[in-house]
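Please look over the sequence and the structure shown here before reading the report on aromatic pairs and strand pairing.

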Amino acid sequence: MDWSHVMANSVETNYNYGDNGRLRSVESKNGDGEYQYDANGNLIKRIKERESFNFGGTRQLPLPNLAVSTGAGARNTVEFWMYWDGTQLRMPLGWDTLYDLIFMGGYFGFNTGNDDVLGIPSASLKERWVHVAAVFYNGIPDAIHNELYIDGVKQNIVQGVGTTSSHVTVTPQAYISGWGIDNLYRFTGRISDVRIWNYALSPIEVQANRTKTIIGNEPGLAGRWNLTENSSPPSSLGFTGSQVPLPNLDVNTTAGSKNTVEFWMNWDGSDVRMPIGWNTGYDLIFLGGYFGFNTSSADVLGIPSASLKNKWVHVAAVFYNGVPSAANNELYIDGIKQNLVQGLGITTAYVTVTPNAYISGWGFDGNYRFIGRMGEVRIWNYALTTVEVQSNRYKTLTGKEPGLVGNWKLRDTASPKTSLSFDGSNQVPLPNLAVNTTVGGKNTVEFWMNWDGGNVKMPVGWNTGYDLIFLGGNFGFNTGASDVLGISSDNLLNKWVHVAAVFYNGVPDAAHNELYINGVKQAISQRMGTTAANVAVTPNAYISGWGPDGGYRFTGRISDVRIWSYALTAAEVQSNQYRSVSENESGLAGHWTLSDTKMPGTSLSFDGTNQSRTA
């Protein structure tokens, strides 16, 4: 009996069983999504319909500037989740040449524009979610060099349609739904979580990637697009008069140059509000029924704002260094370039971007702060193209993109995405740090911390008697003399906080050492004992405990540790709470994104005989 088409239906749920009689997927009818299981009954993926993209046979998402391998004989991998509606002559993915994945003549696989398919029969792929991984070979595609995986299983690909004889390669631009040659063959169905790699994934990697959460900086990752119908960011920060400064930006300040700011925004309708501003009279503003560029002359070069109220929109604004105009400035809403008009006043002032920017308001004063919510701000030192703006709405950045000045993942929830548990015995050593060890020098350690209340515990320490400690109801700097220069620890218990500590090489005191909690500089004082020892940081540091012995190990959770060889400013600390850092940052001695072993959120247990029919 062919179990692959057997469905046990209830009012709320469809149960889909594979050809071995095992539960393969559970589809909820109430919008809760579809649950995918492996052969042992473990939950590997939950796909919510709203967390995928319906292409409908007309829509397409271009993927520009891909760092793929284009050399002859090289291979690249594209992986994604797909729900195909059964329509023939449809491409879920294609390149800027005659090279793609296609559904044609009852087959699914590689196509070179010659009415050919090197692949597998497509009937079993219809109207169900499957994970696809396709290895594209730069040359004449064949069953030896090209590979196709369905749900982690490598397929035996055959010449299903026509003859594949053309020499083809991948290109730096790809397309989700269709290809770059023309507007035909657009996909009909849904696609989610697209990833492109510049090498051939191994079978083990393909299997692991079905459940693996991608950080964005994995070696060989050319790009990841988290497709969703939801027009909203994964996290956001509410603004009711607050501001996030963005200092030390490597923007292009030369005359006639351009920079781009993109972000997610939910505006509450309040007038005279700036979501983004610079350190000069140059900003984006809501004013008098318009939204657009402002030069502090009661002017708006932009668009009517009524349609932007109380909903999430993706904004990309190209700032021109000069006199702003519709010819040089650009504004995109949800990937669509807008027709700019002079909505208010006259824009005649010569303005430029600055190395300091501000989320909510500008640098002149405390006025015009934004009211609403904002998520994931990105600044680029050039003018993004239309194709780049469209792709970036869904793209997860690696942090290494050319021209990326900064990326700030705004969120209300004070907690990191991943963290590492410390039980009072484990420790992470950090060797060979390029810190500043000179007398009078300063270094900064910043991290996220959730402390469980344990006494005499060090989240961070050096190879000498110098550390941060919880001791006697206090938290702060310690020199191994039962001393604490710091603050009360009462407000730090059992919650996530962002900590930034400036270590001074000398005798620690309130004038030279600094402690920030959630971006706010603390008034540190001598809470315990006397701090009189001359201490300094060392090239070796430790997450949990210190170097002199195995005592004082931390109890709680720590994440995203960064060490800098200088004293961060208050503005830098505030910005860094949300900012993603890259490896080549000036003064960055090290960055550690801590994480426990990842496990599925839930699973079903099978002993080889039973079957579960409850979702």
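## Aromatic pairs

In this predicted model, a search of the whole structure finds 28 aromatic pairs. One of them joins Trp362 and Tyr368, whose ring centres are 5.4 Å apart and whose planes meet at 75 degrees, so the pair counts as edge-to-face. Trp362 is buried, with a relative accessibility of 6%, whereas Tyr368 is partly exposed, with a relative accessible area of 30%.

Phe470 and Phe554 form a tilted pair, with 6.4 Å from centre to centre and 35 degrees between the planes. Phe470 belongs to strand β39 (residues 467-471) and Phe554 to the loop between β46 (541-543) and β47 (555-564), so the pair ties together parts that lie 84 residues apart in sequence. Both of these residues, Phe470 and Phe554, are buried. Elsewhere, ring pairs link Trp84, Phe103, Phe108 and Phe187 into a cluster.

## A sheet of seven strands

Seven strands form an open sheet with antiparallel pairing, and their order is β21-β31-β23-β24-β25-β26-β30. The edges are taken by β21 (244-246) and β30 (341-344), and each has a single partner strand, so one side of each is left without a neighbour in the sheet. On average, and with direction ignored, neighbouring strands of this sheet are turned by 35 degrees against each other.

Arg273 stands opposite Phe286, which lies in β24.

Notes. Residues numbered from 1 in each chain as written. Predicted model: local features only at pLDDT ≥ 70, side-chain atom pairs only at ≥ 80, totals over all residues. Heavy atoms only, no water. Phe/Tyr/Trp six-rings, centres within 6.5 Å; stacked < 30°, edge-to-face > 60°. Buried < 20%, exposed > 50% of the residue type's maximum accessible area, 1.4 Å probe, protein only. Helix = DSSP H or I, 4+ residues; strand = E, 2+ residues; numbered from the N terminus. Pairing = 2+ DSSP bridges. Axes fitted to C-alpha atoms, helices over the stretch in contact; angles between N-to-C directions.
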